[in-house]
Amino acid sequence: MFSSRLWQVFLDSFPKILLPGLTATIPLTIISFSLALVIAVVAALVQFANIQGLKQIARFYIWIFRGTPLLVQLFVVFFGLSRVGIVLDPFPAAVIVFSLNEGAYCAETIRAALESVPKGQLEAGLCAGLSYLQTIFRIVLPQAMRTAFPPLSNSLISMVKDTSLAANITVTEMFMVTQRIVARTYEPLLLYLEVGLIYLIFSTVLTKLQAVGEKKLGSYGQKVKAGGAAGFIKRSDRVEKIQSRQLPLGMSASEDISEKKWQLNSGDLVILVSDGVVQKWPCGDGEYLLEQKIASLNVSSPVDLARLNLRYV
């Protein structure tokens, strides 16, 4: 049972522990994870594109940081580098280590997500006239990031808890403040449970945000949004361009192009690249009108039909 003294210790220490959580733990997490995502995307794309030389460097970096303990990495950067004349303050040292460590794990998550995107998406984007980099950043990577969102969110939640290791290199975050209060009050059970409760609160908030994000991304992925570039691949030797105006929001695509009948024949293929999603439709037997296919999309956003390319397959 809690005595009045324990209640008083709990109430007095709560804001003292929470404050460094808001001013040190959360900023350390946000800065480190943001840098880790940049590192991870670069490392994952280098591996996905199979760039020799850079791919081996990326694999070596991932091997080192996934294969050694985080605490050892903190000690090497903060204490070890000082022996060779590189002296870092505790907070920047922690940011560097957490970014590199988390970037290695996230790189593998994003690489796996990139490889889960069907290869036809990349091929379709190239067929639609996009460059390789445009196809990667406008089609493949957005789909991969939707797939990677849940594991990346888990990594973020894990990083919030891992920041407690920064106390070992004198970063004044929640766990270090708790240790100081324990040394003064001699109530380790109460205070360590209390700091654990605050970590749990932070993790719960992030879990709720993850659920909201997954719901948004799930509904986004289910909707077929038209827009961007479209490619109309025709079995002929000539390359033409069909000009059309941008459709206003809410207007049916078939209404806008009803004055022009673009004929699709058996064996033709329509590729529509829209907001990072590639849709492909073989026409099958008989004749097909292009506006019938576009109208079936239930257009809910502006559609740019100005870049319809007729190309030889």
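In this predicted model, helix α1 (residues 4-48) packs against helix α6 at an angle of about 140 degrees, with the two axes 10 Å apart. That angle makes α1 oblique to α6. The crossing of α1 over α6 is right-handed. On the α1 side, the contact is formed by Thr-25, Thr-29, Ser-32, Phe-33, Leu-37, Val-41, Leu-45 and Phe-48. These meet Tyr-132, Ile-136, Phe-137, Val-140, Leu-141, Leu-152, Ser-155, Leu-156, Met-159 and Val-160 of α6. By class, the residues of the α1 and α6 contact comprise 14 nonpolar, four polar and no charged.

Ser-155 is part of this contact. Its place is in helix α6, which covers residues 132-162. Ser-155 has a relative accessible area of 14% and is therefore buried, the cut-off being under 20%. Leaving aside residues up to four places away in sequence, Ser-155 touches Phe-33, Glu-102 and Cys-106. Of these, Phe-33 lies in α1 and belongs to the contact of α1 with α6.

Helix α2 contributes Arg-59, Tyr-61, Ile-62, Phe-65 and Arg-66 to the contact. Helix α4 supplies Ser-99, Leu-100, Asn-101, Gly-103, Ala-104, Tyr-105, Ala-107, Glu-108 and Arg-111. The contact of α2 with α4 has seven nonpolar, three polar and four charged residues.

Technical notes
Residues numbered from 1 in each chain as written. Predicted model: local features only at pLDDT ≥ 70, side-chain atom pairs only at ≥ 80, totals over all residues. Heavy atoms only, no water. Helix = DSSP H or I, 4+ residues; strand = E, 2+ residues; numbered from the N terminus. Buried < 20%, exposed > 50% of the residue type's maximum accessible area, 1.4 Å probe, protein only. Contact = heavy atoms within 4.5 Å. Axes fitted to C-alpha atoms, helices over the stretch in contact; angles between N-to-C directions. Parallel < 35°, antiparallel > 145°, perpendicular 65-115°, else oblique. Left-handed = near helix turned anticlockwise from the far one by under 90°. Nonpolar A, V, L, I, M, F, W, Y, C, P; charged D, E, K, R; others polar.
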